[in-house]
Amino acid sequence: MIRLITWVFPFALLLPSPAQAIQFSILGAVNYSKPATNSSRATYVGGVGYGGGALLGFAFSRRLGLELGGIYIQRKFNEIISGSTTKFQATAIHVPVFFKFWLARWLSLGVGGYASQAIGKFKATDSSSTTSYSYSSTPLKTLDYGLLVGGGFNFQIKPGFGIFLDARYAYGIASAAKVGAFYHNDALAMLGLRFGRHPLLSK
């Protein structure tokens, strides 16, 4: 996935895009994270975290574009084993490669992929204390990747500037566990400011 991102980004810059077809966005995010696992011992309950970041969009045509970026996200979830609950919190940089199709001036749908790189410490909170771990001492990897699907609304305030609301579901296809199966699944809601005109929105 990282190799794909490093290849797609310079390729997008070389494409013969329509005039004023590059968009820059800054955003805040809410992330609902719920892992999937084949463990028969543990039950996982999703939790809500927050984040923010920036996106850069390129138009291939009047309706089709590509969006790349980096989003800081929190992943929070609970693990329940034999009635005992442990709360976990992790942070990561979520890097999307998202192909966007504009259905109308205000509505888009898209598909793509993502890679997420864990940063900082992995925190575990039980009934008595909170402990922070480095990833080298946990059964989890620092890198995971998967598929993206989503849609969004764009509200143009004036030419070259608008507000957007996007929702995306990130489905993990690479296990984040060093041994066994443990997949991160994230539902992201993003609200932000968008600068630059897409040709379809400039009319």
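Accessible areas here come from the Shrake-Rupley method with a 1.4 Å probe, and for residues only the protein chains shown count as cover. On this basis the accessible surface of the protein chain comes to about 10200 Å², of which 64% belongs to carbon and sulfur atoms. The structure is a predicted model, in which local features need pLDDT of at least 70, side-chain atom pairs count only at pLDDT 80 or more, and totals for chains, interfaces and linings use all residues. Residues are numbered from 1 along each chain as its sequence is written, and side-chain values use heavy atoms, with hydrogens and water left out.

The protein chain has one helix and eleven strands (DSSP runs numbered from the N terminus: helices are H or I with at least four residues, strands are E with at least two). From the N terminus on, the order is α-β-β-β-β-β-β-β-β-β-β-β. Among contacts (heavy atoms within 4.5 Å) between residues at least 6 apart in sequence, 66% join residues at least 24 apart.

Of the 203 residues in the protein chain, 41% are buried (under 20% relative accessible area; exposed is over 50%, and partly exposed lies in between, with a 1.4 Å probe and protein chains only). A nonpolar core is a set of buried Ala, Val, Leu, Ile, Met, Phe, Trp, Tyr and Cys residues joined through side-chain atoms within 4.5 Å. The largest such core has 13 residues, and Tyr44, Phe77, Phe88, Phe122, Tyr135, Leu140 and Phe182 touch the most other members. Two or more residues each come from strand 3 (42-59), strand 5 and strand 6, with strand 6 giving the largest share, three residues. Apart from this core lies another, of nine residues, including Leu27, Ile71, Ile73 and Met190.

Leu64, Phe99, Phe101, Leu103, Leu109, Val111, Tyr145, Leu147, Val149, Tyr169, Tyr171 and Ile173 make a nonpolar surface patch of about 1100 Å². Strand 5 (84-102), strand 6 (107-125), strand 8 (143-158) and strand 9 (161-172) each give two or more residues to the patch, and the largest share, three residues, comes from strand 8. Leucine 109 lies in strand 6 and counts as partly exposed because its relative accessibility is 46%.

One loop residue also deserves a look. Serine 82, in the loop between strand 4 (64-81) and strand 5, has a positive phi of about 55° although it is not a glycine. Most residues other than glycine have a negative phi. With a relative accessible area of 78%, serine 82 is exposed.

Note on methods:
Patch = residues over 30% accessible without salt bridge, like charges linked within 9 Å, V, L, I, M, F, W, Y side chains within 5 Å. Salt bridge = Lys/Arg side-chain N within 4 Å of Asp/Glu carboxyl O.
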